[in-house]
Amino acid sequence: MSKYLVTGGAGYVGSVVAAHLVEAGHEVTVLDDLSTGFREAVPAGAEFIEGRIQDAAKWLNLSFDAVLHFAAFSQVGESVVNPEKYWSNNVGGTMALLGAMRDADVRTLVFSSTAATYGEPVSTPITETDPTAPTSPYGASKLAVDHMIAGECTAHGLAAVSLRYFNVAGAYGNCGERHDPESHLIPLVLQVALGEREFISVYGDDYPTPDGTCVRDYIHVADLAEAHLLALDAATAGEHLVCNLGNGNGFSVREVVETVRKVTGHPVPEVVAGRRGGDPAVLVASAARAHERLGWQPSRADLAGIVADAWAFARRTEHPGE
């Protein structure tokens with residue numbers, strides 16, 4: 001059994017990873033300021049500390065084997081109008097966390113990175129060697145942290161893995177998506193099925209894709225969580241390993257909407273709107289490196305299954321999507 005600190009472990013992905021760690025028999029401490037997370041999402045069996053990553057030195061000590069770091073603001077639109085919030089928390093907070101790890105001699109880190117570090121793709125599927133050119137302060141802040149981690153590995157022997165997620169979806173137990181405001185497609189479409197929205201906006205139907213709508217790579221949150229446990233074992237002192245996490249195939253916006261109709265049995269009106277700036281036609285990952293280095297293979301690639309899990313969570317939640 002190992003002991004892990006999970007920052008942001010009351011949020012969507014962090015809570016699912018924390019649950020997997022507890023189920024695997026590990027000792028888990030969740031650190032979250034609850035600014036976007038939910039206390040009830042912290043799994044039973046995990047210790048909970050309400051606090052900021054900037055203050056991690058108060059609690060981090062040599063008894064911890066590793067840190068899994070999810071604490072970040074993640075709204076792309078908000079980052080454009082309030083970039084200083086993202087630099088201060090995502091970058092400044094992580095710098096403080098890395099310093100606390102150094103002082104406590106905790107030398108293994110798994111970091112929640114993002115496909116937003118790539119920006120507009122130069123090829124499909126996207127590989128880890130493709131250029132990084134984020135188009136938002138959110139993506140830029142995550143890329144800055146990746147650079148910080150790389151320097152920490154070289155200078156101080158940190159063992160670190162950055163996992164770049166594509167479109168995470170689905171639910172696991174009591175953990176599912178509850179963003180405020182909601183910006184992810186599947187929970188937005190489910191809100192229409194629940195009668196909380198009148199329609200789903202389809203931003204552009206004239207892309208060079210089979211049905212004219214954008215194509216994205218969806219990965220089940222439980223598959224994502226399993227990759228984090230594998231990353232802990234794969235982390236090597238002095239190396240910063242970067243791995244994409246995705247299914248390697250994509251589904252269009254209209255395929256997602258139609259799948260929600262079939263899974264829920266509810267009509268989902270759609271309204272075509274103009275394209276949004278910065279929306280690439282296709283974003284699909286190559287996860288070959290994760291398969292090779294982590295031994296990771298997603299097992300829940302069926303879109304209907306992903307939607308069904310998200311639908312079950314949405315119906316259990318009093319105010320889904322908030």
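User: Let's begin with V76: what does it count as, and why?

Analyst: V76 counts as partly exposed because its relative accessibility is 39%; buried means under 20% relative accessible area, exposed over 50% and partly exposed in between, with a 1.4 Å probe and protein chains only. V76 is part of helix 2, residues 76-81. Helices (H or I, at least four residues) and strands (E, at least two) are DSSP runs, numbered from the N terminus.

User: Good to know. What kind of model is this, and how are residues numbered?

Analyst: It is a predicted model, in which local features need pLDDT of at least 70 and side-chain atom pairs count only at pLDDT 80 or more, while totals for chains, interfaces and linings use all residues. Residues are numbered from 1 along each chain as its sequence is written, and side-chain values use heavy atoms, with hydrogens and water left out.

User: Next topic, aromatics. How many aromatic pairs are there?

Analyst: There are 2 aromatic pairs. Rings of Phe, Tyr and Trp (its six-membered ring) pair if their centres lie within 6.5 Å; planes under 30 degrees apart count as stacked, over 60 as edge-to-face and the rest as tilted. One of the pairs is Y86 with Y138, which is edge-to-face at 6.5 Å centre to centre and 85 degrees between the planes.

User: Which helices do those two tyrosines lie in?

Analyst: Y86 lies in helix 3 (residues 83-104) and Y138 in helix 4 (residues 137-156), so the pair ties together parts that are 52 residues apart in sequence. Y86 is buried at 0% relative accessibility, and Y138 is buried too, with 9%. Together with F73, they form one aromatic cluster.

User: Now salt bridges. How many does the structure hold?

Analyst: It holds 16 salt bridges, where a salt bridge is a side-chain nitrogen of Lys or Arg within 4 Å of a carboxyl oxygen of Asp or Glu. Among them is R107 with E152, at 3.9 Å from N to O. R107 lies in the loop between helix 3 and strand 5 (108-114) and E152 in helix 4, so this pair ties together parts that are 45 residues apart in sequence.

User: Are R107 and E152 buried or exposed?

Analyst: R107 counts as buried at 19% relative accessibility, and E152 counts as buried at 7%.

User: What about R164: which residue does it meet in a salt bridge?

Analyst: The side chain of R164 meets that of D146, with 3.0 Å from N to O. R164 lies in strand 6 (residues 159-165) and D146 in helix 4, so the pair ties together parts that are 18 residues apart in sequence. Both R164 and D146 are buried.

User: And which ring does R164 lie over?

Analyst: R164 lies over the face of Y118, at 5.1 Å from the ring centre. A charge sits over a ring if NZ of Lys or CZ of Arg is within 6 Å of the ring centre and within 35 degrees of the ring normal. Another example is R178 over the face of F38, at 3.8 Å from the ring centre.

User: Last one: where is N247 found?

Analyst: N247 is in the loop between strand 11 (240-245) and strand 12 (251-252), and it is buried, with a relative accessible area of 14%.
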